[in-house]
Amino acid sequence: MTDAAAPAPRRRPLALRHPSAVVFLALLALFTVGVTLLAEGMGTGAISTSFVKTLGKTLCLCLVALAMDLVWGYCGILSLGHMAFFGIGGYAIGMWLMYARTEIIVVQSLAAQPLPPTPDEIADGIAGQIFGVVGASEFPPIWAFAHSLPLQLAAVVLVPGLLALVFGWLAFRSRVTGVYLSILTQAMTLALALYLFQNDSGLRGNNGLSGLQNLPGLDHVPQATVSLWFFWASAAALALGYLLCLRVVSGKFGSVIRAIRDDEARVRFLGYPVETYKLVVFTLTAVIAGIAGALYYPQAGIVNPAEIAPIASIYLAVWVAIGGRGRLYGAVIGAAAVSLLSTWFTGGQAPDLHLFGVTLRWVDWWTVLLGLSFVAVTLLAPKGLGGLVDLIAARRPPERHGADLGPDQGALREREADR
Amino acid sequence: MSALLEVSGVSVSFDGFRAIDNLTFAIGAAELRAVIGPNGAGKTTFMDIVTGKTRPDRGRVVWGETSRDLTALSESRIAQLGIGRKFQRPTVFEDQSVADNLMLALKKDRGPLAVLAFRPSAADRARIADLADEIGLAGALDRKAGELSHGQKQWLEIGMLLAQDPRLLLVDEPAAGMTPAERAHTADLLIEAARTRAVVVVEHDMEFVRRLGCRVTVLHEGSVLAEGSIDRVTSDARVIEVYLGR
Amino acid sequence: MLRLIGPLCALALALAATVQTAAAQDADAPIQRLLQEHGAAIEKSARRSIGPAIDALAESGLADARAALEAWRSKEMWRAADGGLFVRAEEVDRDTLRLFDLAGGAALGEAPDDGFVQIKPNSGIRGMIAAALVRFQLTDPEAAVRATALDAIERDPEAAHLTALRTALAVESDPALAMRAGRLERLLTVRFAADPAERIAAIEGFAGDLGVDLRAALTPLTATAQEAAAALPAGADVARRLTPGDRDLSAADAYGLLVARGLAPAPVPAEARRTALIDHIADGAVGGVRLAALSDQGARDLAYAALAAEGRVPPAPTEAEIAARLAAHVFWERFTGAPPEVARAALAVLDGIEAKLAVNRAADLALDAVSLASIYFLAAIGLAITFGVMGVINMAHGEFIMMGAYTGFVVQQAVPDYTLSLVLAIPAAFAVTFLAGVALERLVIRWLYRRPLETLLATFGVSIALQQLAKNIFGTQARPLTAPGWLDGALVVNDVVAISYIRIAIFVLAAVFLALFLAVMTRTRLGLEVRAVTQNPRMAASMGIDPDRINMLTFGLGSGIAGIAGVAIGLYAKVTSEMGADYIVQSFMTVVVGGVGSIWGTLLGASLVGGLQKVIEVLNPSNTLAAQTYMILFVILFIQVRPRGLIALKGRAAEA
């Protein structure tokens, strides 16, 4: 962006080169302002606090969907582990929230005692409060930094990043690709979830971390206001995340990772260290996912190992596929549409369906419908909801799948066929 | 003349089948070489070994003035050292424009950070325009590579190889599926390229090989059967026996 | 009127009866004399004091002792009021007894019960009587009674049984019982014989025996107690020296031992010190330390020390004092269960047994691993086939397993005979899942060949739909799939090695499928074509093989086997809508570890994954979740070494 000095390149600003980004950011801003004005926290109350939270959470899901789109839609790595990074982000921030809040409560209760409490007594009190449910009363080593917000914020970025770095290094180094890689990421996610399910994992087993909606020291601020804070933060994170992803996928880097997606062996013979690129993208998206999780779980109030189970990551892939992968706004549309619909249908708000004297309850049948519609989207509309935008824009990029690409149907399809 | 690439005593086997058996091969810094041989002689495996796709069981592949052993390096490192490869079937990135394809191949720092910070300079754009001219795709720079015809893809791939500016070019059956006029053009292009760099051409078509007018290496069952001018090789009794027939 | 007459009549009758009985009963019979001697204790029937009475009866050698004990135990012994004679009596009705002489057993006629006191031994005493009776039963002419007696001794052995057992052993005629009695006699010798040499000989005679009863007999002999002293007393018999801080003696426990031996002052618990501090708060300070400064443990210790110095609280030993005292004493263990030489012999034999046990446990573990591997093999083989032949990962594979299990459940609802329903369920499950597989292939997968990642996602959509569908139809609670009776129980090799018949059946099923599959692949046209398509689909197509048909059949076959795996899994685990998801990852791991495109690879993969999981479970028995975690980590690392699995296709086939 700083090469204005060079005479020849007639590069237009980022905004003009990517009109969709401008539209997206404008819509996001409009949406944020609109929700803010209508929210309970501002006194109007047309939108309840819990719905503001739902919308804020949805924005976080959109952010992690962006990360998924970057790693899958652009780089071709179908990771079934990004919701695990998302969950880790939630755990990282949740540890501080829970520790700090419990500390306040414990200090208050100990202050009533005749003797001023020692640090050990405070620590024991907090540990007893937090780990009583799993029958422990001491802090596991994993909580060493829980007292410090900056350190736990660093953990939000570092833990998913390092995990992705180590796992990715192992996986990419041994040239695991395609479905093999997906299965391996799924296994990683499962291993993590199973580990967290144990009571002696140090993270309260299947109870998870709870009470995260209460900000320590801010008990006097009503949830209506807190929910708006998080909503704004989520919107800002989504906007920044979008710009970051845009920066990554446009330009030569984007060109390289899309080339890796389509034919990684060829990219290797061009001299690009494919494994390093994959590792960069995998780690970067893991970090984005971790940040999204750190914003999501304080709004959800609770994080537990079930949130990390492989199924969550697969749903993430479903959102991106339904939204349309390989385009950033597609991921956002998919995550927003499917997660909001899911909330609506499984929340019991949807009216029951009466068919031929049989009552179908959406709570029971929504998942069936989702599964089948997902099959339908994969089969019939591989471009997803984002493909609709193409119809509106009447811009038709060449069909990569299905269309006849030439006498031998194109090298890419040949290669895929041989697999 | 010191060799640019020296393959010595290389063997590799797949499930007990010896694809390459004690192969020794050398090529100079500015030399054109044709490699012929019957199916299964190990021509493609030979290229796989040089480019790092296949690791040999034994032997050394020594590169350049610094005498680096290529067998320990990754494909991308080998490519960065200056070995370019053209596959039998055209493999271009169909989802990206011709200009993007060429830009990918352009000889630049390949590291992720450098690539992320990369902005094409005026010189880069000019180089790509020149290359597009050379391969006859000047008017198609903004088209997606997937929309090109088979022949155009072949040319695009050759253009990408030239953009890489390699010191050694490995070309697998470049003339396959081309019209006689295109073959002539291709042969000229390879001869031209070999003035400044080493070029190894694997080819079945003896007419095309004859047109190249260079030293010929005949592979059979994974090792060198004969080497020399096209006339000497085609009159060799053993070559006739295993390859040319009668 | 009647109310008055009733008791009167009864009294008259009772008097008459008493007189009559006394006349007929021999008050001087030895058994009666013995009973009278312990009369007070017997009538009181307190567990604590009854022992001598029972022993006296049992060891009297009187012919009538057994009958007396049996009458006592079955609450049929009564005593005439006011310390009269003991009789055996049966209740004729609520008020009337039929009396028998305890000596000889002669009938004495009937009498109202008012004049008698029933001896009511509680269950504890009845147990003691039963134990005493054992010696009589051991020589009973009925073999069944003798066996019961042996059971009783095994359950609750006593020193007294040893002599009885030896006596009985000399005359035992039944060889099986003689063997049992012989073993029991040796076990009792180990525990109760008076002569240590005899015990040691018996212990050493058992070397290498794996019986649980032997370990139960030996372990108490090796019991130890911890001791502490300033110096090791001369002649002390030390089983083992201990150092405070060891695994078996924490520093706190060691100090507690010193306190208990009076070798050190009792520590004051932190809570007590805190309370003491609170009790002595005066003018915002304790022991000269300001209250505000007491948020520090060091300051609190100082304050407490100051109070102690003033004598207002008991002194508390400091950490340093505790450490010094621990250092100044020696700690050791001494044997309490048996004389040291006996205990050492028992330890030696136990060690030997432990080594042999380890071998047997390993064998048991191997059997467990084999059965787990069979299950993984059954679950994974279908997946491996479809992946190998078509390059397609079927995420709905787990749901096919579930579908097979539910098919078995439905069949079992329709056909109540478990054997017949199992015989029907296997082909039914195969048919249902075969059809489901073919339908999935025709409707979905066919359109997605060459796009493996999208196949993965589309089949995932099918998977969540099927899972929810099963939930909607069958509910969320687990459904049982009951195995036929002949599959109950286990094949017991010894006390350690045992394997349940269901697991054997699953193993056999897996073996049958391996054989069947190999036969299909190597001996039939279909197998040839499948192998051709696996190795080179384009070539196969140009040879006139219809890959569409092969893909469809292969997919159906793989799915059908998943259905059968579902029945097998359902037999020993519960059938739920989520059971597929529980096995899918293990199946994937099996395929990844084994390598694609080879049935032997799948077999190896299943063995490795199953074996490893069992081994990890043994190393960390409390936690099966952790076992799975470590197993997955292992697979991720394994991929580093063999990215293409144990059995990998090499060369051109793999490069394609």
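How many salt bridges does the rule find across the interface of chain A and chain B? In this predicted model, local features require pLDDT of at least 70 and side-chain atom pairs count only at pLDDT 80 or more, whereas totals for chains, interfaces and linings use all residues. Residues are numbered from 1 along each chain as its sequence is written, chains are lettered from A in the order in which they are written, and side-chain values use heavy atoms, with hydrogens and water left out.

Across the interface of chain A and chain B, four salt bridges are found, a salt bridge being a side-chain nitrogen of Lys or Arg within 4 Å of a carboxyl oxygen of Asp or Glu. One salt bridge joins Glu75(B) to Arg268(A), with the closest N and O atoms 3.9 Å apart. The interface of chain A and chain B also holds 13 residue pairs in polar contact, both residues at pLDDT 80 or more. A polar contact is a pair of N or O atoms within 3.5 Å; within protein, one must be able to donate a hydrogen and the other to accept it, and residues adjacent in sequence count only if both atoms are side-chain atoms. On the side of chain A that touches chain B, two or more residues each come from α8 (223–249), α9 (251–262), α10 (264–269), α11 (274–300) and α16 (411–418) of chain A; helices are DSSP runs (H or I, at least four residues), numbered from the N terminus. The largest share of that side, eight residues, belongs to α9(A). By class, the side of chain A that touches chain B comprises 19 nonpolar, four polar and 15 charged residues, where Ala, Val, Leu, Ile, Met, Phe, Trp, Tyr, Cys and Pro count as nonpolar, Asp, Glu, Lys and Arg as charged, and the others, Gly among them, as polar.

In total, 38 residues of chain A are in contact with 41 residues of chain B, contact meaning heavy atoms within 4.5 Å. Chain A and chain B bury about 3,700 Å² between them, 58% of it on carbon and sulfur atoms; buried area is the accessible area (1.4 Å probe) that two parts lose on being put together, summed over both. Within chain A, the residues losing the most area to chain B are Lys252(A), Arg266(A) and Phe269(A), which together account for 22% of what that side buries.

The contact of chain C with chain A takes 56 residues from chain C and 59 residues from chain A. About 5,100 Å² is buried between chain C and chain A, 72% of it on carbon and sulfur atoms. Arg450(C), Leu457(C) and Gln640(C) contribute 13% of the area that chain C buries against chain A, more than any other three residues. Three salt bridges cross the interface of chain C and chain A; Arg300(C) pairs with Glu121(A) in a salt bridge whose closest N and O atoms are 2.8 Å apart. Seven residue pairs are in polar contact between chain C and chain A (both at pLDDT 80 or more). Of the elements on the side of chain C that touches chain A, α19(C) gives the most, with 14 residues. That side of chain C divides into 38 nonpolar, 10 polar and eight charged residues.
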